Amino acid sequence: MSYGWMGSLLHVNLSDGSIKDVPLADHIREEYVGGKGFGARFLYDMVPEGADSFSEQNALMFLTGPLTGTLAPAMRGCAVTKSPLTGTFVDSYFGGDFAHEIKFAGYDGIIITGRSPSPVYLSVTPESVELKDARQLWGLDTFKTAARLREAAGTHHAPKVACIGPAGENKVRFALINCDPNRHAGRGGCGAVMGAKHLKAVVVAGSKGVRVKHGGAFMEAVNGALAEMKDNPYILAFRSDGTPGSVPFADLEGLLPSYNYRGGSFKQANRLDPAAQKAEFWLRDAACFSCPIGCSKVGMLKRGRHRGLVTDVVEYESAGMIGANLGIGDTKAVAYLTYLCDALGMDSISAGGVVGFYLECAERGVWGNPDHRFGDPLVVEQLLFEVAHRSSETGDLLAEGVKRASVRIGRGATDWAVHVKGLETPAWGVRGAPGMGLAYMTGDRGGCHQRAFPILYEVGGEYWKCNPVKRLDIEGKAEIVSELQNYLAGLDTLVKCDFAQYGISAGSYARMLSEATGLEVTSSDLSTVGERIWNLVRLFNCREGFGRQHDSLPLRFTSEPLPDGPAAGHMLDEESCGKMLDEYYRLRGWDEQGYPLPATLERLGLRQSR
Amino acid sequence: MPRLSGKFDKCTGCKRCLLACSQGLTGDIFNPRLARMCIQDLGAGLAHRPVVCAQCENAFCAASCPVDAIENSDGVWVIDQDRCTGCGLCLDACPLRVIVIHDGRAVKCDLCGGAPRCMDACAFSALELA
């Protein structure tokens, strides 16, 4: 009998069409728990050094955690692969129903390897697991694809669908996987890997249950977590305003990127905030499976060119990257353009980064149409189509991501290419928040705000270990970043929701995990698991040739002072970056080049990996 | 006995009610397909409707049971687990599709004795007893 875990992985080799169940080894459960942990271990073991992300050597995994599918509040799943955008390990998280359905189908994860000769989709039902012809679906957007597949399956199974759109098919390097219902494995190009494998969709319907070891004690732990969330101010804010609640904060603090990250605030920010969105379209709260928060808002645009469009809240990241960063201060337009990214199957963070980069090229007369200006939704709409379909020279170029596009354009364009390790950075400026800069530099999948979010302490006023944190200090930020990375990587094994974790204590997570699985897990064990994973992912990235020189920030953040906000005039120069990095490597037990030292690996039980 | 009902304007589609219902039935298993209720997707992601047993006046489930295992007790239709043969006719007869088979017997909503677990699990007040 397996508790928490289902005890089995589904392995599908698209090259020869073989499908098999692989038992989940006990030591893998204990050392890596689930989600990110499984992904780190399996990717390191399965994908050979130097493998092309688009080749059949790469693996694409949909992974769950031991609490996914239970009443533990707001658990999710993740997609893991070698990123075609960065060449690093990438783990991309998604809410919704899809991850839970993988558990109900009897699996802890689905591992896809190889490449199909023609478009297929994977169908998992209680009766069978099979690959089916997807030629009729090739070319359809994500929403139509999911609707067709649900229709084909009928109401009896009511399956959950994960699929790609045209961007994934065309190997746009920041293509996403759209997971039922309209939640995304957005970052790092997981959808492009799926497209390269000619896998249009994964359709899952299960009839099994997730069994927990101690039903009564587990529910006590769940109720404890719910009680913590109940009056937590962050949770209440997510419920009432969703993630765009951060728009006014980021704007005021000079953290909101505008005009391709040149600015840190945006004059029309109040036209992207929760009040503006509510006025234009929100009708109700929506929640991912088993989530008691409901940070998503769904509604129907009531004015403008896209009147009648039913769509989701414009998340903070999309408001920042498709709105402020492109100079568009119109909720209606940003809601539609974000919807378009979802439909075409592209990460709206990277899309906003790529289009912002292009608009600056055009403004400077270096590339593209000089009539293209920031703030024009019609130009952006046209570009998004061209990128997703690679249907023009510019679209084809931008589909490669900011890093590759800037190198190919030349003429100084790399100076305003904003990315870390090739991943377009999200909607949080770092010139007034050095710890956030370090988090970007050391993010395992490149420039990412989800591996550590020190802004909460640097700017948000939260105390770190009972002490206030000085915003612009360089010293001490490495400790915050490395410890947050460890803890959050630990929670990413469960698989936690980034927003719910604001309201759930480490002790509650450990209790829920212990009562569900029967293992004795403490909150510090979770951080140790996280540290093990962080080092294993570092080993993967080092094996791919990454090191200190890649742990860097774009020129815009290191040499152009922030023009606005309370930290105006500041930037993160090379010297500051170097200091933070030295401190960070020392705390991590890595050498000066950022390679984990033997003693560190031994302490974490990773000795055998070298 | 009061009646349980679902409100689509409040429902977020989180399905915690389904997990709580299945856990109430089994003690330690979470399986939405063992829930004695369902969440209906009203299309395009715009809304969800919680569908619960209506404790009908003219209960098709009871009327279709070949062994008369479903009886009304103070306004609540209850399946006698000893008499039920698990034939599944009541599942097919119920237009709301809120009866399931568990361990070879049909099971349906009995309002958890007056304190429905689904309602307790709902963080959005989308289920109410009236």
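**View 1. Cross-chain strand pairing.** Arg211(A) stands opposite Ile29(B) in strand 2 of chain B. Strand 13 of chain A and strand 2 (residues 29–30) of chain B pair in the antiparallel sense over 2 bridges; strands are DSSP runs of E, at least two residues, helices runs of H or I, at least four, both numbered from the N terminus, and pairing requires at least two DSSP bridges. This is a predicted model, in which local features need pLDDT of at least 70 and side-chain atom pairs pLDDT 80 or more, while totals for chains, interfaces and linings use all residues. Residues are numbered from 1 along each chain as its sequence is written, chains are lettered from A and ligands numbered from 1 in the order written, and side-chain values use heavy atoms, without hydrogens and water.

**View 2. Salt bridge at the interface.** Asp28(B) and Arg211(A) form a side-chain salt bridge (3.6 Å, N to O), the term meaning a Lys or Arg side-chain nitrogen within 4 Å of an Asp or Glu carboxyl oxygen. The rule finds 3 salt bridges across the interface of chain A and chain B. On the side of chain A that touches chain B, helix 7 of chain A gives the most, with 5 residues.

**View 3. The open sheet of chain A.** In chain A, 6 strands form an open sheet of mixed pairing, ordered 8-7-12-9-10-11. Strand 8 (129–133) and strand 11 (183–185) of chain A each have a single partner strand, so one side of each lacks a neighbour in the sheet. Strand 10 (residues 177–179) of chain A runs antiparallel to strand 11 of chain A, joined by 3 bridges; Cys179(A) stands opposite Arg183(A) there.
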